[in-house]
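Subject: A structure for you to look at

Hi there,

I am passing a structure on to you, and I hope you enjoy looking through it. Please open it first and keep it beside you while you read my notes.

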Amino acid sequence: MTIDDKDLLNSILASLNRIDHIKPESIPDIDLYMDQVTTFMESHLASAKRHPNDKVLTKTMINNYTKDGLLPPPDKKKYSKEHMLMLIFIYYFKNILCISDIHSVLVPIAEKYFSNEDGEMNLTDIYNEVFSLEKEEVLYLAKDITKKYNRSKENFLDAPEEDREMLQYFSLICMLSFDTFVKKMLIEKLIDLANNKEK
């Protein structure tokens, strides 16, 4: 491994601090065509990409979300601010949930709050409320990752020196993966509970 241990942890924590959601006020108030939607998402979610050539959202993805009933159809090929908010939720969910689970989570929200101009609450209100928790979550995650990182450095101390660093990184990956696995299981259970209540 070529990266210095402290540099690795600092790099991870710096990445966490750079996480920021798209503010609703940064979304244009005018409806957008597909190319404008993909360009907007690409520029605003670029920091979340793993590789520079990765695509945030493609035309095909967006069309498939609409065909699947996950995203309400555009009006005369134009996408509203609400469409953009839905696409942001889809973008984050698609990295951890299957499409049917995303459908279970988002469709009830869209049915009740999409283009809900006269209601007490609309999709922008929901988006703002959910993402208001972000900074607090980032602080919690930074502490948790630091704890797991430090714990991983205590593992495999008896391993051969040439293997120790690799095994400690493996240990850290396993701890983070287990955390993700458990949270994914919890999310799926919550979705199943919500689906059973609706039956």
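Below is what was found, starting with the whole chain and then moving to its parts.

A word on the ground rules: this is a predicted model, in which local features need pLDDT of at least 70 and side-chain atom pairs count only at pLDDT 80 or more, while totals for chains, interfaces and linings use all residues. Residues are numbered from 1 along each chain as its sequence is written, and side-chain values use heavy atoms, with hydrogens and water left out.

**The chain as a whole**

The protein chain has eight helices and two strands. These are DSSP runs numbered from the N terminus, with helices (H or I) of at least four residues and strands (E) of at least two. Their order along the sequence is α-β-α-α-β-α-α-α-α-α. The C-alpha trace spans about 65 × 40 × 30 Å along its principal axes. Of the 199 residues, 31% are buried; buried means under 20% relative accessible area, exposed over 50%, and partly exposed in between (1.4 Å probe, protein chains only). Take the contacts (heavy atoms within 4.5 Å) between residues at least 6 apart in sequence: 64% of them join residues at least 24 apart.

H4 has 13 residues and reaches 19 Å from its first C-alpha to its last, close to the 18 Å expected at 1.5 Å a residue. That expected span is 1.5 Å times one less than the number of residues. Eleven of the 13 residues are buried, so H4 is largely enclosed by the rest of the structure. The buried ones include Lys81, Glu82 and His83 as well as Leu87, Ile88 and Phe89. Among the elements covering them are strand S1 (32–33), H2, H3, strand S2 (78–79), H5 and H6.

The largest nonpolar core holds 32 residues, and Ile22, Val37, Met41, Ile62 and Leu87 touch the most other members. Such a core is a set of buried Ala, Val, Leu, Ile, Met, Phe, Trp, Tyr and Cys residues joined through side-chain atoms within 4.5 Å. Two or more residues come from each of H2 (34–44), H3 (59–67), H4 (81–93), H5 (99–113) and H6 (123–131). H4 gives the most, with eight residues.

What does Ile22 touch, leaving aside its neighbours within four places in sequence? Ile22 is in contact with Ile27, Phe40, Met41, His44, Leu45, Ile88 and Tyr127.

Leu57 is also worth a look, in the loop between H2 and H3. Leu57 is buried, with a relative accessible area of 3%. Beyond its neighbours within four places in sequence, Leu57 is in contact with residues including Met41, Ile62 and Leu87.

**Aromatic pairs**

The whole structure contains six aromatic pairs. Rings of Phe, Tyr and Trp (its six-membered ring) pair if their centres lie within 6.5 Å; planes under 30 degrees apart count as stacked, over 60 as edge-to-face and the rest as tilted. Phe89 and Tyr127 have ring centres 5.6 Å apart and planes at 70°, so the pair is edge-to-face. Phe89 lies in H4 and Tyr127 in H6, so this pair ties together parts that are 38 residues apart in sequence. Both Phe89 and Tyr127 are buried.

Tyr92 and Phe131 have ring centres 6.1 Å apart and planes at 50°, so that pair is tilted. Tyr92 belongs to H4 and Phe131 to H6, so the parts they tie together are 39 residues apart in sequence. Tyr92 is partly exposed, with a relative accessible area of 30%, whereas Phe131, at 14%, counts as buried. Ring pairs link Phe89, Tyr91, Tyr92, Phe93, Tyr127 and Phe131 into a cluster.

**Helix H7**

H7 (residues 134–152) has 19 residues and reaches 26 Å from its first C-alpha to its last, close to the 27 Å expected. Its buried residues are Glu134, Val138, Asp144, Ile145, Lys148, Tyr149 and Ser152. The face turned away carries the exposed residues Lys135, Glu136, Leu139, Lys143 and Lys147.

Best wishes
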